Structure formats: C-alpha cells, structure tokens
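Biologist: I am new to reading protein models. Could you take me through one, feature by feature?

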Amino acid sequence: MSFGDPNNPYGAQQQPQQPGYGYPQAPAPGPYGAPGYAAQAMPMPSSVKTGRIMVWVIVALQAIFSVYALATLGEVDKAVEEASRGTTGVGSDEVELAASIGKGVVIMFVVFAVIFAILGLIIALKYVNGTNTVRTCAIVWAAFAIVGGLFQMPIGIATIVLAILLIVFAAKGDSKAWFNRPRA
C-alpha cells in the first residue's frame, strides 16, 4: 500500500509531522494572567475619531459662549434701564436689583458652561484610551449638552446639532466594540 493507492481502504497515509507544525498554538494569556487571547492593537474606527472631534468642538463652543456671555454683561444694565424708563414709580433700587439679578443669571450660565467645558475636556482626553465608561459618559454629557444648548441660543444651535451627532456616533456598534476591546 502506497501513498495515493486507490485500493487502500483506509485512505491516504498521512506523513508524520514535525512537532510544532500544523498544531494550533495555545492562546496567549489575557489580562491578569487568565487564559485567553492577547490584546491586539485595534485601529480607532472613524465613528470614534469623529465623536472625539465633536467633543473637542463642543468644548470650544462652551468656551466661546462663556466669553460671549461675559461680554454681554454690560447689555444687562442697558436693557434693565431701558425697560425701567417706560414705567412710572420704579425707583433706582428696583432697577439695581433687576440688573443684579440679570447679571447673576448670566454669570450662572457662564459658570455652568465652564464646568461643562472642563467635563468635556476630561472626556476628550480619555477618549483615546477610554473604556466603555468613557463612551457612556460621552453619551450622557452630550444629552446634557442638548439641554444646555437651549439656553445658549446663538451658539447653542451648533452645540445641539453636534451633541445629537455625538450620541449617534458613540452609540454605533463599531464604537461600542472599540471601547469594549480587550486591553493588555
């Protein structure tokens, strides 16, 4: 019986192989020494790159809004004084109180925008090496950006649009897979 003999009832004879050839290798140890597959470098998907850019742009928009709001503090005095001219019986104390309340509201919006920009900065910096927690934080942060954009109307329109797109890109399957990737 030779190799390839059609009369051989047992089929073709296999040649002995050298050790290590043709046998699957054991999987490399995973994190914490557990058996599994070693973490491979996974390229960042375009949806993750785009989402990270959107976070940076929203952070920049928050900074721009803060500067814009601080620049309009003088307009509050003018608006309150102009509104008080047409009414009779309004004293200067009431005008000053209205101006102070208006300025306080503007400063409150500035403080919220600065805090929001700092949170976005942290998310943007963690985006590259982030875990699924960073992705979840980005989605929640973008949801708050939509609400905050309603109070920042000239600049808020861009914030709302970018935040909606950020949620869409962060919720995509390839983004989820990238943030859930195994790490060394």
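This is a predicted model: local features need pLDDT of at least 70, side-chain atom pairs count only at pLDDT 80 or more; totals for chains, interfaces and linings use all residues.

Biologist: Where does K176 sit?

Modeller: K176 belongs to helix α6, residues 173-179.

Biologist: How far is K176 from T131 in sequence and in space?

Modeller: Along the sequence, 45 residues separate K176 and T131. In space, their C-alpha atoms are 9.4 Å apart.

Biologist: Which residues does T131 contact, apart from its neighbours within four places in sequence?

Modeller: F179 and R183. Now try a C-alpha distance. T131 and P182 are 51 residues apart along the chain, and their C-alpha atoms are 9.6 Å apart.

Biologist: Let me step back. How many helices and strands does the protein have?

Modeller: Six helices and zero strands. Along the sequence the pattern reads α-α-α-α-α-α.

Biologist: How do I read burial over the whole protein?

Modeller: Look at the share of buried residues. Of the 184 residues here, 29% are buried.

Biologist: What share of the contacts joins residues 24 or more positions apart?

Modeller: Count the contacts with a separation of 6 or more. Residues 24 or more positions apart account for 71% of them.

Biologist: Now pairs of helices. How do α1 and α5 pack?

Modeller: Read the angle, then the distance. Helix α1 spans residues 46-71 and helix α5 spans residues 153-171. They pack at about 160°, with axes 9 Å apart. Angles over 145 degrees count as roughly antiparallel, and α1 and α5 are therefore roughly antiparallel to each other. The crossing of α1 past α5 is left-handed.

Biologist: Which residues of α1 and α5 meet?

Modeller: From α1, they include M54, I58, L61 and F65. From α5, they include I155, L162, L166 and F169. Sorted by class, this contact of α1 with α5 has 16 nonpolar residues, five polar ones and no charged ones.

Biologist: And what is the angle between α4 and α5?

Modeller: Roughly 155°. Helix α4 covers residues 132-150, and its axis comes within 8 Å of that of α5. The angle makes α4 roughly antiparallel to α5. Here too the crossing is left-handed: α4 passes α5 that way.

Biologist: Which residues make the contact of α4 with α5?

Modeller: On the α4 side, R135, W141, I146 and L150 are among them. On the α5 side, M153, I160, I164 and I167 are among them. By class, this contact of α4 with α5 has 16 nonpolar, three polar and one charged.

Biologist: Give me one last residue. Is F109 buried or partly exposed?

Modeller: F109 is partly exposed, because its relative accessibility is 24%. F109 lies in helix α3. Apart from neighbours within four places in sequence, F109 contacts F65 and F151. F109 and G148 are 39 residues apart along the chain, with 9.1 Å between their C-alpha atoms.

Conventions:
Residues are numbered from 1 along each chain as its sequence is written. Side-chain values use heavy atoms; hydrogens and water are left out. Axes are lines fitted to C-alpha atoms, for helices over the stretch in contact, and angles run from 0 to 180 degrees between N-to-C directions. Helices (H or I, at least four residues) and strands (E, at least two) are DSSP runs, numbered from the N terminus. Angles under 35 degrees count as roughly parallel, over 145 as roughly antiparallel, 65 to 115 as roughly perpendicular and the rest as oblique. A crossing is left-handed if the near helix is turned anticlockwise from the far one by less than a right angle, and right-handed if clockwise. Contact means heavy atoms within 4.5 Å. Ala, Val, Leu, Ile, Met, Phe, Trp, Tyr, Cys and Pro count as nonpolar, Asp, Glu, Lys and Arg as charged, and the others, Gly among them, as polar. Buried means under 20% relative accessible area, exposed over 50%, partly exposed in between (1.4 Å probe, protein chains only).
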